[in-house]
Amino acid sequence: MYTGDSTTNIIQESPLDFVSVASEFDLPWLKTLVEPICVESLDGNNLKGMWQPSRMYGSEMLKTACVNYTKKNPVAVLTNSTVIDLKNENPASWKEFAFAVGSD
């Protein structure tokens, strides 16, 4: 029996893909729907993977969540090698991240 839950499951599994689609096709309602799901799934292991798209797709909600998560969990984030790799991979992104985390 179809319950209508499949759409929710697809979004829950890959919310960043939907942020990308929302940005590409200028669908603000979709962005509004999926950004909170990205924020809920944010952790030290996927922070870099959330930070980069937040900048690329102009998701202020997700950028703010990444910064706030880092401020609350600095050791977990700043000892994560994938996050630190950002410094060499994308210096501009790292600079913006470091500035945002260091400011109030």
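# A guided tour of the helices and their salt bridges

A search of the whole structure finds four salt bridges, a salt bridge being a side-chain nitrogen of Lys or Arg within 4 Å of a carboxyl oxygen of Asp or Glu. The model is predicted, and local features need pLDDT of at least 70, side-chain atom pairs count only at pLDDT 80 or more, and totals for chains, interfaces and linings use all residues. Residues are numbered from 1 along each chain as its sequence is written, and side-chain values use heavy atoms, with hydrogens and water left out.

**Stop 1: Lys-48 and Glu-89.** Select Lys-48 and Glu-89, which form a salt bridge whose closest N and O atoms are 2.5 Å apart. This pair links distant parts of the chain, as Lys-48 belongs to helix H4 and Glu-89 to helix H7, 41 residues apart; helices here are DSSP runs (H or I, at least four residues), numbered from the N terminus. Lys-48 has a relative accessible area of 17% and is therefore buried, where buried means under 20%, exposed over 50%, and partly exposed in between (1.4 Å probe, protein chains only).

**Stop 2: H4 against H7.** Now show the whole of H4 (residues 47-56) and H7 (residues 81-89), whose axes come within 8 Å and cross at roughly 40 degrees. The axes are lines fitted to C-alpha atoms, for helices over the stretch in contact, and angles run from 0 to 180 degrees between N-to-C directions. The two helices are therefore oblique to each other, given that angles under 35 degrees count as roughly parallel, over 145 as roughly antiparallel, 65 to 115 as roughly perpendicular and the rest as oblique. Leu-47, Lys-48, Trp-51 and Gln-52 of H4 meet Thr-82, Val-83, Asp-85, Leu-86 and Glu-89 of H7, with contact meaning heavy atoms within 4.5 Å.

**Stop 3: Trp-51 and the core.** Which residues does Trp-51 contact, leaving aside its neighbours within four places in sequence? They are Lys-63, Cys-66, Val-67, Leu-86, Ser-93, Glu-96 and Phe-97. Trp-51 is also one of the residues that touch the most other members of the largest nonpolar core, which has 21 residues; such a core is a set of buried Ala, Val, Leu, Ile, Met, Phe, Trp, Tyr and Cys residues joined through side-chain atoms within 4.5 Å. In soluble globular proteins, nonpolar side chains tend to be buried together.

**Stop 4: the charged network.** Select Arg-55, Glu-60, Lys-63 and Glu-96, which are linked in a network of salt bridges. Lys-63 and Glu-60 meet through their side chains at 3.7 Å, N to O, and, being three residues apart in helix H5, they are separated by about one helical turn. Lys-63 counts as buried at 16% relative accessibility, whereas Glu-60, at 49%, is partly exposed. Glu-96 forms a salt bridge with Lys-63, the closest N and O atoms being 2.6 Å apart. Glu-96 lies in helix H8 and Lys-63 in helix H5, so the pair ties together parts that are 33 residues apart in sequence.

**Stop 5: Ala-22.** Finish at Ala-22 in helix H2 (residues 15-24), which counts as buried at 3% relative accessibility. Leaving aside neighbours within four places in sequence, Ala-22 is in contact with Leu-27, Leu-30 and Lys-31.
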